[in-house]
Amino acid sequence: MLFCEKCNRLSNNSICAICGKKGLREVREDDFCYFLTLPAFKTSIFEANLKEKNIPVATFGQGYDFATKKSAEYNFFIPYKFFDRAKDLYNLLFE
Ligand SMILES: [Zn+2]
């Protein structure tokens, strides 16, 4: 799996589908990679559960919800080596 350092996105080919960067490098275990985007109300639940399992997580808000005066949704970034565990956790919580 390849990785774009600019977007923190995983990619199947050597050109990033988001920013067009070429010559992407192989992803490393500790790279924080884009994992998913969740609506605000799910963000705190998932974030708390990741931390409970000692999975490092970084979230960045996007959009704006006038009702809550906070971001409408959040992008989650997780080190690549924790992806499988994070996916299991997500399925457990939301599926
Ligand atoms: Zn990119």
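This is a predicted model: local features need pLDDT of at least 70, side-chain atom pairs count only at pLDDT 80 or more; totals for chains, interfaces and linings use all residues.
**Entry 1: helix α2.** I began with α2, which runs over residues 83-94 and has 12 residues. From its first C-alpha to its last I found a reach of 16 Å, close to the 16 Å expected at 1.5 Å a residue. I then looked up burial and found that, of the 12 residues of α2, the number buried is 1, so this helix lies largely in the open.

**Entry 2: α1 against α2.** Two packed helices are described by the angle between their axes and the distance between the axes. For α1 and α2 I noted that the axes come within 11 Å and cross at roughly 130°, and the two helices are therefore oblique to each other. The crossing of α1 and α2 is right-handed.

I next listed the residues that meet: K42, I45, F46, N49 and L50 on the α1 side, and A86, L89, Y90, L93 and F94 on the α2 side. Sorted by class, this contact has 8 nonpolar, 1 polar and 1 charged residues. As a reminder to myself on the spacing of such lists, an α-helix has 3.6 residues a turn, so residues three or four places apart point the same way.

**Entry 3: E47.** I turned to E47, which lies in helix α1, residues 40-52. E47 and V57 are 10 residues apart in sequence, while their C-alpha atoms are 7.1 Å apart in space.

Definitions and conventions: Residues are numbered from 1 along each chain as its sequence is written. Helices (H or I, at least four residues) and strands (E, at least two) are DSSP runs, numbered from the N terminus. The expected span of a helix is 1.5 Å times one less than its number of residues. A residue is buried if 20 or more other C-beta atoms lie within 10 Å of its own, exposed if 12 or fewer, and partly exposed in between; C-beta atoms are placed from the backbone. Axes are lines fitted to C-alpha atoms, for helices over the stretch in contact, and angles run from 0 to 180 degrees between N-to-C directions. Angles under 35 degrees count as roughly parallel, over 145 as roughly antiparallel, 65 to 115 as roughly perpendicular and the rest as oblique. A crossing is left-handed if the near helix is turned anticlockwise from the far one by less than a right angle, and right-handed if clockwise. Two residues are in contact if their C-beta atoms, placed from the backbone, lie within 7 Å. Ala, Val, Leu, Ile, Met, Phe, Trp, Tyr, Cys and Pro count as nonpolar, Asp, Glu, Lys and Arg as charged, and the others, Gly among them, as polar.
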